[in-house]
Amino acid sequence: MDRLFSPGAASANTGGFDTLFTALSILSILIVLLVGTLIVVFSVRFREGSDAPRHRVPSLHAREFEIGWTIVTAFVAVFIFWWAASYRITDDEVPADALEIHVEAKQWMWKTQHPSGAREINALHVPRGHPVVLRMSSQDVIHSFYVPAFRLKQDVVPGRISTLWFEPTETGTYPIECAEYCGTDHARMLGEVTVMEPELYAEWSAAQPEADTLARQGAALFTAQGCSGCHAAASRVHAPLLDGIYGRPVALADGRTVLADEAYIRDSILMPRRDVVAGYEPIMPTNFAEILSLGELAALTAYIRELGAGLPPDARVLRSPAMETER
């Protein structure tokens with residue numbers, strides 16, 4: 001019961017949310033009190049048989065009152081929209097040094113995978129004081145990842161990869177809930193976030209069973225799906241080279257320039273004809289959306305992101321066309 005009404009504040013994301021929530025609650029209470037008071041006063045004042053004057057309000061005054069009330073209401077609504085939108089936009093900017101963890105939702109569990117390859121079910125260990133970004137996907141229906149103590153809630157939709165980040169500030173264990181009805185055992189789709197001191201998290205991560213990282217899984221997929229046949233440095237096919245492309249500007253055939261981030265990489269795999277790189281023909285197959293699962297797509301994205309950043313030399317391809325242009 002205490003957690004229900006006072007979930008605590010265990011992340012750096014809580015301040016702005018709590019301020020906005022408190023302000024909206026106070027405004028709502030004031031409006032309810034104003035309307036309720038007017039209803040009671042008018043009901044007593046103008047009850048049947050009272051001697052209160054009942055003359056018609058001049059139309060000019062009525063019009064001015066209506067216009068003024070509409071303007072004030074519209075101003076308040078626009079201000080609230082601006083405040084909430086600016087908070088959300090600022091909060092959506094993921095720090096560059098964030099620890100990336102992949103979360104997969106399915107009926108009825110949360111499966112997580114750390115950069116080291118460590119996997120958990122209905123549990124998530126994170127270091128205190130370090131930003132954490134979650135890349136989330138669903139195997140079946142819509143779920144909603146909800147951590148009350150962090151003031152975080154994000155829908156996890158099939159066919160999409162949702163992004164959510166937070167910075168835990170207090171060590172401890174905090175509940176994870178599914179806030180979207182997802183089937184028979186929806187109420188049992190629970191888990192826990194365990195916030196640890198950084199050195200303890202490092203020890204915990206090192207003690208987990210050996211497992212391939214997402215990037216290494218992506219490297220295997222890169223070869224198995226034939227990607228290396230076109231994007232490798234020695235390939236005879238004229239296709240963009242990917243080593244070092246992540247986070248760099250890419251010039252497109254239509255004259256636009258885009259940043260090679262996660263969204264661009266995923267879209268280039270699933271919709272290769274949409275953003276064709278300048279100097280290349282749209283020869284990439286368009287059926288990867290039917291072949292790759294969301295987990296495999298996340299692994300390929302992780303591999304391309306880490307190309308040239310510590311992977312073994314035999315798992316690398318070379319320069320991107322954007323880098324060639326800059327040279």
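This report describes the sheet, the strand pairing, the nonpolar cores, the cavity and the backbone exceptions of one structure.

The model is predicted, so local features are reported at pLDDT of at least 70 and side-chain atom pairs at pLDDT 80 or more, while totals for chains, interfaces and linings use all residues. Residues are numbered from 1 along each chain as its sequence is written, and side-chain values use heavy atoms, with hydrogens and water left out.

**Sheet and strand pairing**

Helices (H or I, at least four residues) and strands (E, at least two) are DSSP runs numbered from the N terminus, and two strands pair if DSSP finds at least two bridges between them. An open sheet with mixed pairing is formed by 5 strands in the order 4-10-9-6-7. Strand 4 (123–127) and strand 7 (152–156) are at its edges with a single partner strand each, so one side of each has no neighbour in the sheet. From one strand to the next the twist averages 20°.

Within this sheet, strand 9 (residues 172–178) and strand 10 (residues 191–196) run antiparallel and are joined by 5 bridges, with Ile-176 standing opposite Gly-191 in strand 10. Helix 4 (residues 198–207) lies across strand 4 and strand 10, and runs at about 130° to strand 4; axes are lines fitted to C-alpha atoms, for helices over the stretch in contact (heavy atoms within 4.5 Å), and angles run from 0 to 180 degrees between N-to-C directions.

Strand 1 (residues 99–106) is largely enclosed by the rest of the structure, because 6 of its 8 residues are buried, where buried means under 20% relative accessible area, exposed over 50% and partly exposed in between, for a 1.4 Å probe and protein chains only. Its pairing with strand 5 (residues 132–138) is parallel over 7 bridges, and Ile-101 has Leu-134 as its bridge partner there. Strand 1 also runs antiparallel to strand 2 (residues 109–113), with 5 bridges, and a hairpin of 2 residues connects strand 1 to strand 2.

**Cores and cavity**

A nonpolar core is a set of buried Ala, Val, Leu, Ile, Met, Phe, Trp, Tyr and Cys residues joined through side-chain atoms within 4.5 Å. The largest has 29 residues, and Trp-110, Val-126, Leu-134, Phe-145, Phe-150 and Val-193 touch the most other members; strand 1 supplies the largest share of this core, 4 residues. A second, separate core of 27 residues includes Tyr-280, Leu-300, Ile-304 and Leu-307.

On a 1 Å grid over the protein atoms alone, a cavity is a set of points where a 1.4 Å probe fits but cannot get out, and lining residues have an atom within 4 Å of a point. Grid points are joined across faces, edges and corners, and a volume is the space filled by probe spheres set on the points. The whole structure has 1 cavity of 30 Å³ or more, and the largest cavity has a volume of about 50 Å³. Helix 9 (294–306) is among the elements that give two or more residues to the lining of the largest cavity, and gives the most, with 5 residues.

**Backbone exceptions**

Most residues other than glycine have a negative phi, and most peptide bonds are trans. A cis peptide bond joins Gln-107 and Trp-108, with omega about -5°, and Trp-108 lies in the loop between strand 1 and strand 2. Two residues with positive phi are set out below.

How values were computed:
On a 1 Å grid over the protein atoms alone, a cavity is a set of points where a 1.4 Å probe fits but cannot get out, and a pocket is an open set with protein on both sides within 12 Å along at least five of seven lines; lining residues have an atom within 4 Å of a point.
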